Amino acid sequence: MSSFAATFSLGFIFFAFATVLTFYGDCWLVPWHDEVVIVRISQNLAEGRGFRNDLIDDLLFGADEKTYWQMPLYPFALSLWGKIFGFELNSVRSFSRVAGTVSLFLLILLCRNLNLPFGATLLALLWTASDLTFQFSSNFARPDALTGCLLLLTALLLSNRLNGSFKGSVLIGLVASSAVFNHPIALPCWLVSGAIVVKRAGWRNGLAFCLPFLVFTLLWLCYVLSGWEIFIAQVKAHMAHKRYSFPDFLTFLLGFTAWGVKFFIDVPLNAMPWLVPIVLTIYIGFREKWLLPKWFVVFSTVMYAAVMIGAEAWYPSLFVPLGFLTLSAIANHLKQMAYKKAWHWAIVASVLLLWFYQVFVIARHLYTVPKIRLQLAAFVSELKQMLPSKAKVLVGSFSPDPTFALMAHRPDITLYTLMPSRMLNDDALRRLRTKLTHLLVLKEAKKEAKFEPLIRGKEIKRWEFDFGGLSRSKKIVIVLLVNKERHKTLYEQNDEKT
């Protein structure tokens, strides 16, 4: 392939990736509170109100004073971005789009350093850019896109063998530590990176690698000690949210986490069964001599285990670039090992078939975006007009989330964002119940005993969303008017008796 054709091919993939993310815009539907919670911390930082989140005040202990359950790097980076581009949903999602695009560029450099031929590099880039989990992570205001970018940069620096010098080891440690303080899911990769540095260059360079992490940890501990009781309470709540059984972890390790989005909101995905290329990579890497070095096999295997056991639907996006890099290397290896030309064509056909499947699922999502956009606009418009002046509203975790629009166009309203149910306690729900005038929840939430103190009141309106035709199941959002006199919760009745 000529240099012009190669440059054009790479440029077209980058252009198509950026265009698709921009077209999704604010119409990618997510059933979690994450964007609002994290963006609010960044907005408070940018406006000089500290590392805190007033939208979950009365739901998480000390949230209006300090935040400890969110690592600091991403909110600080997003606060700088928001100062320039604003804190609207599309603006904050653009930050992740940039991180995702940079990750694709780093993937090309890593493939080149690992001596993958151009065809395999192009294939890894094409597959990664066409993966829906990677696309959605790159269009979601969460730390995952930036964390994945930093981990790719760590792998790239390791492939350059910069650890041979003291300064190089510090640089690798700085990038890997930044990934950890962006999201703790990167901690296993930091540990394995340190082990690689020690094995290659000795303990002196290993200590140099650890230096940035020790500095970050010292600064974080100083912040923790300024609100120790709040730190303990928030960590306990977060650990309760992450509570899983041993069989659950085994299931996650098999790769079920990669279909988390499908399980949660029943939309089609083109995710890969990542355990298959991982097993093949380990088998080939330790039995035969091939392109991928053993340190990379260990690094990618540890990342796979970390993101799958982490058991959050967005974590697998961190592994997607490395996963497709290994898969393209396996395809290249099998093609070289095939003695008959028919096998070559079979491998090429399999590669194209996977990509065509990816494109088919993406096209289905793109086709429904205009419908989702109309549903979103109608919902937000009606809600802004319906809520009275100075209402106090709790917004549950559902899509489409109206919080950003309400903050921008109805500053008179006091908003609360519902946290994951395992992080809540009965006292928090009872205290919040006395403040609310309105409640927005999914219809299914009325059946959960955990929310019994809240979900009492007169139904005002309900909206039905079909996720733009992506799913057969309907999502029904209910707006309740909380009447404190006629609809008292069991907690309030017990308080009166007491």
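Here is how the talk about the terms went.

Modeller: One caution: this is a predicted model, where local features need pLDDT of at least 70, side-chain atom pairs count only at pLDDT 80 or more, and totals for chains, interfaces and linings use all residues. Residues are numbered from 1 along each chain as its sequence is written, and side-chain values use heavy atoms, leaving out hydrogens and water.

Biologist: Why is F4 called exposed?

Modeller: Exposed means over 50% relative accessible area, buried under 20%, and partly exposed in between (1.4 Å probe, protein chains only). F4 has 65%, so exposed is the word for F4.

Biologist: Where is F4 found?

Modeller: In helix α1, residues 3–24. Helices here are DSSP runs (H or I, at least four residues), strands are E runs of at least two, and both are numbered from the N terminus. The protein chain has 19 helices and 5 strands.

Biologist: How do you know that the span of α7 agrees with what it should be?

Modeller: The expected span is 1.5 Å times one less than the number of residues. For the 16 residues of α7 (residues 144–159) that gives 22 Å, and the end C-alpha atoms are 22 Å apart, so the two agree. Just after α7, R161 takes a positive phi of about 55 degrees.

Biologist: And how much of the protein chain is buried?

Modeller: Buried residues make up 55% of its 498 residues.
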